[in-house]
Amino acid sequence: MNDLFARLSDTSEGALKTREKLFAELKAELELHAKLEEEFLFPLLRKNSETKGLVAEAITDNKNLRARLTDLDALPKNGEAFIPLLSELQKAYRQHSRDEKKELLPAVRNALSAEQVQEVAEKMEAGIAEVEQAKQDEAEERRAKARREREQAELEAEAAARQQQEKELAARRTREAANHVVETAGIPLNVVADATRKVTRLVGATPPAEERAPSAVRLSSSAFTDMFLWPWTGAMQGLQQGRQTPASGARSPTSEEEVIPLGEEVLEVTKRTENSGTARVRRYVVETEVEEQVTLQRERVVVERRRPVSDKITGEILTEMTVEVVETVEVPVVSKRARLREEIVVRTERTQQVQTVRETVRRDEVEISQPGKRKTVRERAST
């Protein structure tokens, strides 16, 4: 929590995304802290007369923290009022932590047994583990969703590219067909133009007056031209009308080529990522009875009477005297310490496999029947 407060305070107003991310983590941690206390610890403290009065104060502190969080969440994260309110929230959280360490924690240790404390700790650890697992699942789901969206975008881009290529290919074929028709129709036009020029020169060369018959009728050049070129007039008019009239379903008399497109389906295999299952590793505490043998010593006072070796007096006698000797006994003192037994490493390994995909695709074929041939020729389309 202190690290999150420090990192948030060091951000600038321009780092909006970083502030929003850090504040979301801070809010989640504070709400989780209050939720675990209210769900697992406070119900047990209410049942004890020594700690019952502390629960109301702790709940009030949690409410105040939530209210400050709500006020901060409503503010724009790049505003001027965000950092001052964040400092007030940090002070309130520090005071809340000091109160819990000085008042709530000692009362819990005195009022609850070791088994009850262990049970509450296990439940809180399990709750934290569930929250962490939920975060990991949510992050994995976001990554999978991003992969699916990226793959879908790639598929759409490929489909758009193929559609554009098909359009360009169709346009090129249309232009080629139109050029072929124009070239085919241009041959008679050139012949007509040459004939027209020759007839004009022929009509313009008029014989001398003495060689003409008196009864000969002079033909005008325009009338002679119309008479000579009448077979070509209809064809030229029809071609001109065909160029001006939109194309219909009927084939043009001047067209000598018709294009039949032949297509085929191409198998395209892409990939997408699906969740095949979730591996969950849960840590929990088990209790096992163990025993140790220890050698204990005991000292006790032994009082015995015996006859002196000699009747010679070596000390003070005939006076009152009291002698105290302490008996001692060794008792086993049991203590426990925690040590690291082993580590569980959870990671993912990525493997690859080649899978053969079989599917049925379609294609166009053409059947050509020509007069004078016994067999029918089949040709495949080449695209």
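Helices (H or I, at least four residues) and strands (E, at least two) are DSSP runs, numbered from the N terminus. This is a predicted model: local features need pLDDT of at least 70, side-chain atom pairs count only at pLDDT 80 or more, and totals for chains, interfaces and linings use all residues. Residues are numbered from 1 along each chain as its sequence is written, and side-chain values use heavy atoms, with hydrogens and water left out.

## Overall build

The protein chain has seven helices and four strands. Along the sequence, the pattern reads α-α-α-α-α-α-α-β-β-β-β. Of the 383 residues in the protein chain, 15% are buried. Buried means under 20% relative accessible area, exposed over 50%, and partly exposed in between (1.4 Å probe, protein chains only).

## Surface patch

Leu267, Val269, Val357 and Val361 form a nonpolar patch on the surface. Together they have about 320 Å² of accessible area. Accessible areas come from the Shrake-Rupley method with a 1.4 Å probe; for residues, only the protein chains shown count as cover. Patch members have over 30% relative accessible area and no salt bridge; like charges are joined within 9 Å, nonpolar side chains (Val, Leu, Ile, Met, Phe, Trp, Tyr) within 5 Å. Val361 sits in the loop between strand S2 (328–329) and strand S3 (365–368). Val361 is partly exposed, because its relative accessible area is 42%.

## Cavity

One cavity of 30 Å³ or more turns up in a search of the whole structure. On a 1 Å grid over the protein atoms alone, a cavity is a set of points where a 1.4 Å probe fits but cannot get out; lining residues have an atom within 4 Å of a point. Points are joined across faces, edges and corners, and a volume is the space filled by probe spheres set on the points.

The largest cavity has a volume of about 40 Å³. Its lining consists of Leu30, Glu31, Ala34, Asn62, Leu65, Arg66 and Leu69. Helix H2 (16–46) and helix H3 (52–74) each supply at least two of the lining residues. H3 gives the largest share, four residues. By class, the lining has four nonpolar, one polar and two charged residues. Here Ala, Val, Leu, Ile, Met, Phe, Trp, Tyr, Cys and Pro count as nonpolar, Asp, Glu, Lys and Arg as charged, and the others, Gly among them, as polar.

## Salt bridges

The whole structure holds 18 salt bridges. Each is a side-chain nitrogen of Lys or Arg within 4 Å of a carboxyl oxygen of Asp or Glu. Three of these pairs are listed below.

| Pair | Closest N to O distance |
|---|---|
| Arg162 and Glu268 | 2.7 Å |
| Arg347 and Glu349 | 3.6 Å |

Arg347 is exposed, because its relative accessibility is 59%. Glu349 is also exposed, at 65%. Elsewhere, salt bridges that share partners join Lys27, Asp73 and Lys77 into one network.

Lys27 is partly exposed at 24% relative accessible area, and Asp73 is partly exposed at 33%.

Arg162 pairs with Glu268. This pair also links distant parts of the chain, 106 residues apart. Arg162 is in helix H5 (residues 114–204), while Glu268 is in the loop between helix H7 (230–244) and strand S1 (298–299). Arg162 counts as partly exposed at 33% relative accessibility. Glu268 is partly exposed, with a relative accessible area of 43%.

Notes: 1 Å grid on protein atoms, 1.4 Å probe; cavity = no way out; pocket = protein on both sides within 12 Å on 5 of 7 lines; lining within 4 Å.
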